[in-house]
Amino acid sequence: MTFLPPLGFAMFYPRGFIVALGYAAFSLVVLAIFLPVAMVVSQRKQTGLGGYRVKGGQAGLIIATLAGIFIVMVQILEML
């Protein structure tokens with residue numbers, strides 16, 4: 001019986017799943033891109049340059065942030 005509400009929603013509003021994925025993209029971008037970049041920047045400020053660093057450095061962080069902004073902008077434009 002617990003499958004009836006989602007089934008009804010899917011039958012009467014078929015694009016609902018795609019719309020829900022669009023809204024989920026915002027939280028995924030925050031969790032998978034913006035939060036890790038913010039943590040790296042914060043850690044680098046605390047420890048300076050003496051800690052472990054991966055290839056890419058500052059340019060990699062900027063590219064990741066721009067990719068996150070691009071994903072968010074695409075989702076906003078798709079909703080409009």
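Helices here are DSSP runs of at least four residues, numbered from the N terminus. Gln75 is found in one of these, helix H3. The model on screen is predicted, and this tour takes a few selections in turn.

**Colour by confidence**

Start with the whole protein chain coloured by pLDDT. Its mean is 86, and 96% of the residues reach 70 or more. Among the elements of the chain, helix H1, residues 4–12, has the lowest mean pLDDT, at 85, while H3 has the highest, at 92. Where pLDDT is low, predicted coordinates should not be read in detail.

**Select Gln75**

Stay in helix H3 and pick Gln75. Is this residue buried or exposed? Gln75 has a relative accessible area of 15%, and the cut-off for buried is under 20%, so Gln75 counts as buried. Show its surroundings, leaving out residues up to four places away in sequence, and the residues that Gln75 touches are Gly22, Ala25 and Phe26.

**Select Val72**

Val72 also has its place in helix H3. Its relative accessibility is 18%, so Val72 counts as buried. Which residues does Val72 touch, not counting those up to four places away in sequence? They are Phe26, Val29 and Phe34. Next, draw a distance between the C-alpha atoms of Val72 and Ala25: the two are 7.6 Å apart in space, though 47 residues apart in sequence.

Leu80 lies in the segment after helix H3, which covers 57–79. With a relative accessible area of 82%, Leu80 is exposed.

**Select Arg44**

Move to helix H2, residues 16–47, where Arg44 has its place. Arg44 is buried, yet has no salt bridge. How far away is the nearest side chain of opposite charge? That side chain belongs to Glu78, and it is 31 Å away. Leaving aside neighbours within four places in sequence, Arg44 is in contact with Arg53, Gly57, Gln58 and Leu61.

**Select Thr47**

The last stop, Thr47, is in helix H2 as well. Thr47 is partly exposed, with a relative accessible area of 43%. Draw a C-alpha to C-alpha distance from Thr47 to Ile71: the pair are 24 residues apart in sequence and 31 Å apart in space.

Note on methods:
Residues are numbered from 1 along each chain as its sequence is written. This is a predicted model: local features need pLDDT of at least 70, side-chain atom pairs count only at pLDDT 80 or more; totals for chains, interfaces and linings use all residues. Side-chain values use heavy atoms; hydrogens and water are left out. Helices (H or I, at least four residues) and strands (E, at least two) are DSSP runs, numbered from the N terminus. Buried means under 20% relative accessible area, exposed over 50%, partly exposed in between (1.4 Å probe, protein chains only). Lys and Arg count as positive and Asp and Glu as negative; His and the chain ends are not counted. A salt bridge is a side-chain nitrogen of Lys or Arg within 4 Å of a carboxyl oxygen of Asp or Glu. Contact means heavy atoms within 4.5 Å. pLDDT is the predictor's confidence in each residue, from 0 to 100.
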